Amino acid sequence: MNKTLTIALSKGRLADQAIELLERAGYNCEAAKEKTRKLILEDPQTGMRFIMAKPADVPTYVEYGAADIGVVGKDTLLEEGRQLYEVIDLGFGACRMCVCGPNELKGRLDSIANKRIGTKYPRIAREYFEIKKRESVEIIKLNGSVELAPLIGLADIIVDIVESGRTLEENGLTVLETIAPISARMVVNRVSMKMKADSINPLIQAVKRQLQEG
Amino acid sequence: MGQWQFHTPEGVIDYLPEECAVKRSLESKLRAYFLTRGYDEIETPGIEFYDVYAGSEVFTPQETLFKFCDHKGRILCLRYDGTVPAARLAATVCRDAEPPLRFSYLGNMYRFNESGGGRQREFTQGGLELLGLDSPDADGEIIAAAIGSAQSLGIRDIQVSIGQVSFFKGLVEEWQLSQEDAENLQLKIDTRQTVALDELIRRLGLSENDRAVLEIMTSHDGNIDVIDKLKRLVDYPGCIEALNNLQAVLNVLDDYDLMSYISIDLGMLQSINYYTGIIFKGFTYGLGFPLFSGGRYDGAVAAFGRDLAATGFSIGINFVMSALRRQGSSETKLQPAVRLVYEQDMRKKALAVSNEWRQRGLRVICQSKQDSALDKVDLTAYAGGIEEILAADGLSSRLIAFMRDDGDVQFFTMGVKHQ
């Protein structure tokens with residue numbers, strides 16, 4: 001039977017950090033470091049295969065079993081809402097998912113009756129307001145530079161990830177509420193966890209040990 | 001004419017002959033297997049009143065049901081699963097039948113799923129329901145039948161994870177968690193969010209001992225010694241009862257000689273409002289989802305007013321097809337039909353001969369020469385006769401039979417005509 005371990009990585013900085021971590025944990029990832037435009041990088045000797053995917057697609061690959069393991073940000077996991085095992089908090093890529101708006105709304109968020117929310121994360125925004133706060137809201141899906149929306153009156157507030165908060169500050173916006181802390185996670189397909197436990201369990205343990213030793 | 005004229009709706013597909021033959025073959029194998037286990041097949045309607053499913057809202061959220069209205073404005077829905085209709089049946093039309101009841105079903109179910117990877121919105125599911133018994137033997141019978149079903153369909157590598165949701169419910173009761181905390185804890189355990197779980201444990205102020213219990217629940221080793229480990233850590237009555245029940249079911253499975261397939265997973269907590277005891281899922285290679293799943297849901301029939309314990313499982317035919325395809329297992333080939341071609345004046349004789357062949361098990365198309373367009377192919381005489389064709393297993397689809405003027409039949413194989 002096919003015992004190759006397929007690992008889906010989020011193209012970009014998260015992928016580099018994930019590869020570095022796996023190497024420190026004793027896994028040979030030469031294949032994944034190849035400078036190439038190939039999307040599947042395989043090393044038959046180590047039995048590892050890496051898929052370079054768009055971050056938002058990583059949970060999908062893992063849920064459907066096209067990849068056994070994935071490394072992806074918690075923001076993407078929350079937004080995609082897939083059925084997965086979320087086994088390790090890798091710590092890197094740390095930031096917060098926040099509700100942000102103009103400074104004058106600080107402490108007065110509830111003063112807006114019908115909130116219009118601009119966001120790249122419609123699902124997170126909807127769950128936070130509709131389920132947690134029991135409030136109906138209007139969501140406006142945007143694809144980037146979300147901070148623009150309240151500035152030009154497209155939305156009252158935004159839901160977005162905040163790292164240093166500088167972009168917010170420079171645009172006269174501030175964090176109104178924090179929804180959840182975000183960082184990179186290792187996720188595992190529910191079937192792979194059972195069928196390939198012999199190779200996945202040791203990998204999880206090795207990575208955990210590496211994270212504890214720092 | 002609408003723009004959707006050429007399309008099928010999302011999540012449903014057409015089965016072409018080859019694939020349809022594979023599917024039918026699996027369905028008939030599964031039906032035969034269910035019969036050998038002594039379960040009687042029932043067929044419930046493809047349409048139910050929405051109210052039938054509304055009672056199990058936690059298990060069938062309303063947005064996953066296909067809904068429409070009847071002529072009186074009542075809400076109907078397409079059959080979502082085999083269990084709820086079977087429970088309705090057991091509590092209504094079969095209310096006087098002496099338990100235990102053993103039902104099987106095989107049919108199409110409809111759900112607003114996200115489709116892909118073998119998942120469809122219209123899919124075929126078979127399953128068993130054992131109603132009226134709440135013994136470990138009954139749970140063991142169902143798990144054994146689930147494994148046997150998968151094997152009868154040609155799936156070889158099977159792993160079954162078994163859990164017991166009462167263990168978690170016992171913890172919640174003992175720790176006196178609010179509903180919100182309990183749901184939060186359930187999600188964190190079920191999705192193995194170990195870090196978030198740590199935070200939650202701290203916030204709930206659980207002891208080191210309780211933490212160790214949760215660590216075992218979320219570990220992935222699946223070894224059956226977790227039962228003993230947990231017994232050393234907890235003495236909550238609900239939990240102990242759950243562990244004893246789990247052990248009793250494992251003892252049954254041991255007698256079935258099935259322990260090599262089994263691992264323990266007490267962290268499986270999906271749909272725990274629906275399941276009341278043992279819960280299990282079966283896995284195989286090449287499929288991202290469980291191949292079969294089931295467990296004990298003693299509340300299902302009670303929801304229809306009859307107090308009847310219930311355990312059962314279902315297996316997805318579409319999942320089996322995907323798994324077999326990806327595992328490269330040999331698939332059933334559609335037996336090709338022989339074409340018997342006749343001149344107009346030999347029609348009566350040809351029709352009689354083709355019927356005779358059909359009775360002997362051949363698939364026969366009987367067709368006039370005019371309709372056969374044979375001038376485009378090269379015919380080569382075939383040495384064998386009808387007896388040989390009947391004996392052959394994989395008959396060539398290029399075989400053609402001619403009814404000659406004298407009523408004798410001659411066989412040919414077809415090739416492409418060279419210019």
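Domain 1 of chain A covers 5-93 + 183-213, whereas domain 2 covers 95-181. To the contact between them, domain 1 of chain A gives 5 residues and domain 2 of chain A gives 7 residues, where two residues are in contact if their C-beta atoms, placed from the backbone, lie within 7 Å. On the side of domain 1 of chain A that touches domain 2 of chain A, 1 residue is nonpolar, 2 are polar and 2 are charged; here Ala, Val, Leu, Ile, Met, Phe, Trp, Tyr, Cys and Pro count as nonpolar, Asp, Glu, Lys and Arg as charged, and the others, Gly among them, as polar.

The model is a predicted one, in which local features need pLDDT of at least 70 and side-chain atom pairs count only at pLDDT 80 or more, while totals for chains, interfaces and linings use all residues. Residues are numbered from 1 along each chain as its sequence is written, and chains are lettered from A and ligands numbered from 1 in the order in which they are written.

Chain A contains 9 helices and 11 strands, these being DSSP runs numbered from the N terminus (helices H or I, at least four residues; strands E, at least two). Its C-alpha atoms fill a box of roughly 60 × 35 × 30 Å along the principal axes. Of the 214 residues in chain A, 42% are buried; a residue is buried if 20 or more other C-beta atoms, placed from the backbone, lie within 10 Å of its own, exposed if 12 or fewer, and partly exposed in between. Among the contacts in chain A with a separation of 6 or more, 67% join residues 24 or more positions apart.

Between the chains, 17 residues of chain A are in contact with 19 residues of chain B. Strand S5 (85-89), helix H8 (190-195) and helix H9 (197-213) of chain A each supply at least two residues of the side that touches chain B, and this side of chain A has 9 nonpolar, 4 polar and 4 charged residues.

In chain B, helix H10 (residues 237-255) has 19 residues and spans 27 Å from its first C-alpha to its last, close to the expected 27 Å, which is 1.5 Å times one less than the number of residues. The buried residues of H10(B) include B:Cys239, B:Ala242, B:Asn245 and B:Leu253. Seen down the axis of H10(B), the buried residues fall within an arc of 160 degrees, so they line one face of the helix, the arc being that of the directions from the helix axis to the C-beta atoms. The face turned away from this buried side carries the exposed residues B:Pro237 and B:Asp255. Among the elements of chain B against which the buried residues of H10(B) pack are helix H4 (136-152) and strand S9 (278-283).

B:Tyr53, in helix H2 (residues 50-54) of chain B, is buried, with 24 other C-beta atoms within 10 Å. Residues up to four places away in sequence aside, B:Tyr53 touches several residues, including B:Thr60, B:Leu65 and B:Cys77. The C-alpha atoms of B:Tyr53 and B:Cys77 are separated by 8.5 Å, although these residues are 24 residues apart along the chain.

Strand S15 (residues 399-403) of chain B has 4 of its 5 residues buried, so it is largely enclosed by the rest of the structure. S15(B) pairs with strand S12 (residues 338-342) of chain B in the parallel sense over 4 bridges, where pairing requires that DSSP find at least two bridges between two strands.

Conventions. Domain bounds come from an automatic or database domain assignment.
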